[in-house]
Every structure is written in C-alpha cells, then in structure tokens.
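These entries record what I looked up in the structure, one topic at a time.

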Amino acid sequence: MLRNESASRAVVAAGVQEIGRSAPRVDAYAKVTGKEKFAADLYPTGFVWAGIKRPEHAHARILSIDTSQASAISGILAILTHRDIAGKNRLGIFEKDQPILADDRVRHYGDAVALVVAETKAALANALAAIEVQYEPLPAVFDPAMALAVSAPVLHPERPAGNLLLAAEIIQGKGVDGLADCEVKASLTMALGWQEHAFLETQNGVAFIDEAGELQMTVSTQTPFRDRLELAEALGIPPQRIHISAPCLGGGFGGKDGVTVQGFLALAALHANGRPVKLWYSREESILAGTKRHPLQAEYRIGCNRQGVLEALDCQLLFDTGAYAGMGDVVLALAMEHAGGPYRIPNVRINGKTVYTNNPVSSAFRGFGVPQVAAGIERALDELAKAGGFDPLELRRKNAVGRGDCTPSGVILSGTAGLGECLERM
C-alpha cells in the first residue's frame with residue numbers, strides 16, 4: 001500500500017527497519033506522482049537537439065565525410081567530426097580504445113561518425129540523412145573463435161595482441177591432469193548470447209557551457225565522477241571545468257556504467273553558442289549503440305570419484321567483448337574467479353580469453369561475467385550427476401564449500417559460507 005510522503009519520511013525518521021516488517025520506500029511517493037525528475041524530463045529553455053550519424057558497415061575505413069549539403073539545411077547549428085575534438089578522442093575505463101567520433105575506421109554498426117546540433121528534430125533528421133560518408137569496406141569477424149585465427153581481420157592494428165584483449169589461466173593442484181584419476185567424468189559445451197539491459201529510460205542528458213566557460217551536464221549515468229575524468233582526457237578539457245549531475249536513474253544495471261552520450265553532449269555543447277543541448281537515444285538506437293552482457297563460449301570437463309566427491313575441473317572460457325574493450329577485462333577476471341562455482345575441487349585448470357569482434361560492445365551487466373559461468377558449472381554438475389547416477393542435489397551438498405575451504409580459484413573462505421545450510425533446506 002502506498003503511503004503519503006510525510007508518512008514515509010516519519011517512518012524512516014523513526015528508524016523502523018524491523019526484519020519481516022514492510023517499510024515504505026522513501027522515494028516511492030515522489031516517483032509515482034511524477035514529482036521526481038529524471039534526466040529525460042529536462043527540457044531547458046532555448047535548448048537544441050543533438051543526434052548521431054551511424055555507419056552502414058560493421059567494419060570499414062573512412063575515406064571522406066561530406067557535410068556540405070547537411071550544413072546548408074535551415075536550423076543546423078553545427079556538424080562535427082573527429083577533427084573537432086581537441087583531446088585524445090578515446091574513451092575507456094581500463095583500455096582507452098573507443099573514439100567519441102570515429103576517425104580512421106568504424107568497427108561496428110553502433111559507432112558514431114558525425115554529430116549534428118540542430119534547432120529541431122526535423123532539421124536534425126534531415127541533416128543526418130544528408131551527410132555523405134565514403135567508406136572502404138573491410139572484412140568483418142563476428143565469432144570470437146574466428147577472431148583469434150591468424151587470418152582474421154584485426155580491429156585494432158596498433159595492439160600487439162591482435163584481437164585478443166586479455167588471456168589468463170588459473171591452475172590449482174594437478175590442474176587438468178587431475179581428470180585422469182577421476183572415476184566418473186562429464187563434459188559440456190555451451191554458448192550464451194547477448195543480453196540487453198532494456199532500462200526504461202534510454203541513454204540521454206542535457207549539457208551547456210555556463211557563463212564561466214565551464215561544462216555543465218545532467219545525464220543518466222551510474223558513474224558521474226569517473227565519467228568526468230574520461231571526458232577530460234578524451235576532449236582535452238581540464239576535469240575541474242567539467243561538472244556532471246546524475247539525477248535519479250531510470251534503470252542502469254551496468255548499461256550506464258561508463259560514458260554513453262556524455263562525449264557527444266559535451267562536444268555539442270562546445271559548439272552550440274551557449275545554448276543547452278539535449279540528446280536522447282531512441283529505443284532502436286539504444287539497442288544498436290548501447291553495451292550488452294558478454295556472450296560466452298565455454299567448455300567444461302569435470303570429474304569425481306565413485307562417491308561423488310569432486311576431484312578435477314578443466315574449464316575453457318571465451319568471451320566476446322565486441323568492437324571495444326568496455327569492461328571486458330574485469331568481466332573475464334570475475335568469471336574466472338567463479339567458474340568453478342561454490343564447490344570444493346582440488347585440481348583445476350581455468351583458461352579464459354576475451355576477444356574483440358565487430359559485434360556490439362559488451363561491458364558491465366549485473367554479475368560481471370558470473371551469471372554466465374554459474375550457468376556453465378551448474379549444467380556441468382547436472383551432466384556429472386547423470387554420468388555417475390548421483391542425485392543432483394546431493395552431489396551439490398556433498399561438495400559445497402564452507403568456512404576455511406578453498407574455492408576452485410584458490411580463495412580461502414575465512415568468512416561465513418552458508419551454501420551447505422541453504423542446500424539442506426531444499
């Protein structure tokens with residue numbers, strides 16, 4: 001039941017947080033009545049629109065960009081390309097490899113080639129359609145295994161590792177050799193695809209240059225402080241002259257963990273003659289250009305003795321990070337840490353790779369790679385239960401980690417670990 005705003009505040013002020021007793025959300029009243037404002041609700045006085053020209057190829061070299069016809073359209077304030085960016089024109093949290101506006105080439109259909117600032121949406125649409133881009137199409141690769149082949153097209157030629165973003169390996173005990181001693185064995189090959197965050201409020205924001213010449217931005221983001229540092233380096237603006245406000249978020253789940261529209265907004269504001277700029281992705285554009293959960297190709301080999309005690313695991317993980325790194329390195333690290341699940345397995349080899357392809361960018365998504373590998377190890381255990389004639393639940397009970405145990409990735413659990421008690425209640 002909804003309570004009014006004053007009642008909600010009174011309950012919180014009284015400190016009523018008893019277990020088993022319903023507590024009203026402090027933000028519920030403002031949100032259901034529309035009083036709370038999201039970034040998408042902002043329409044500053046005198047604002048103008050910004051929009052992005054996307055490529056027609058998944059992989060191509062940019063030969064020329066002709067904006068002459070688009071610039072002649074009434075209501076166009078600016079048409080911007082990578083040449084209008086004073087900074088490094090590279091975004092990224094750990095690997096700075098993604099341009100705000102593409103310079104030498106495009107690497108997936110969601111890349112940005114040009115940015116238009118216009119008085120109206122109609123003028124914006126006409127100008128985007130009138131921009132002429134000449135491309136030299138390049139071979140594209142859409143499968144991470146094929147991306148590792150010697151003959152595969154390389155997305156980032158400046159990288160010595162080619163299409164390999166990161167590779168790592170964890171070995172415990174005898175490693176893969178432990179499988180030879182197992183009396184019962186099972187194997188599993190699986191592939192998991194992308195997932196879209198599908199937040200209700202798509203990527204958006206407003207920005208303007210204030211009277212002091214500083215950039216003011218209100219944007220739907222999960223990481224305003226980190227965004228500020230990324231933008232400063234990419235655009236060549238001192239970070240102390242960038243101010244980012246993050247109001248209530250209309251959904252994020254990792255899809256707004258990092259820069260989305262901020263680079264475009266900032267660049268547009270610098271060329272909008274002091275007027276506020278609004279940019280708001282359509283749902284189609286959000287799906288095309290927004291980040292996704294990493295697809296995974298995985299192979300599991302697992303073994304135990306006749307009593308169902310796990311003895312060995314061999315796991316191969318191949319993640320598709322798409323055209324740019326995103327948070328692919330962190331996703332791989334966490335996936336490898338959890339690839340063996342919450343079970344005691346003394347002999348382990350976990351091999352992981354994250355690879356560039358011409359697919360959409362994969363990055364943060366709730367769980368950071370753990371949901372994918374959790375699905376893998378649980379399916380592998382089910383296959384092992386079938387092979388050995390074990391009860392699947394009993395197999396998990398027998399091998400569940402507890403306090404003091406070592407996980408398959410080598411972590412000693414010094415704190416509480418309630419998996420065993422949880423399984424006993426099932």
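This is a predicted model: local features need pLDDT of at least 70, side-chain atom pairs count only at pLDDT 80 or more; totals for chains, interfaces and linings use all residues.

I looked up the packing of helix 6 (residues 224-235) and helix 7 (residues 262-269) and found an angle of about 55°, with the axes 10 Å apart. The crossing of helix 6 past helix 7 is right-handed.

I then listed the residues in this contact. Helix 6 contributes Asp227, Leu231 and Leu235, which meet Gln262, Gly263, Ala266 and Leu267 of helix 7. By class, the residues of this contact are four nonpolar, two polar and one charged.

I noted an open sheet of three strands, in the order 4-2-6, with antiparallel pairing. Strand 4 (105-106) and strand 6 (132-137) are its edge strands, each pairing on one side only. Between strand 2 (residues 60-66) and strand 4 I found two bridges, the two strands running antiparallel. Ala60 has Val106 in strand 4 as its bridge partner.

My last entry concerns Ser362. I located Ser362 in the loop between strand 17 (347-356) and helix 10 (370-388). Is Ser362 buried or exposed? Its relative accessible area is 0%, and the cut-off for buried is under 20%, so I recorded Ser362 as buried. Leaving aside residues up to four places away in sequence, I found that Ser362 touches Trp194, Lys292, Arg293, His294, Pro295, Asp320, Thr321, Ala325, Gly326 and Met327.

Terms used. Residues are numbered from 1 along each chain as its sequence is written. Side-chain values use heavy atoms; hydrogens and water are left out. Helices (H or I, at least four residues) and strands (E, at least two) are DSSP runs, numbered from the N terminus. Buried means under 20% relative accessible area, exposed over 50%, partly exposed in between (1.4 Å probe, protein chains only). Contact means heavy atoms within 4.5 Å. Axes are lines fitted to C-alpha atoms, for helices over the stretch in contact, and angles run from 0 to 180 degrees between N-to-C directions. A crossing is left-handed if the near helix is turned anticlockwise from the far one by less than a right angle, and right-handed if clockwise. Ala, Val, Leu, Ile, Met, Phe, Trp, Tyr, Cys and Pro count as nonpolar, Asp, Glu, Lys and Arg as charged, and the others, Gly among them, as polar. Two strands pair if DSSP finds at least two bridges between them.
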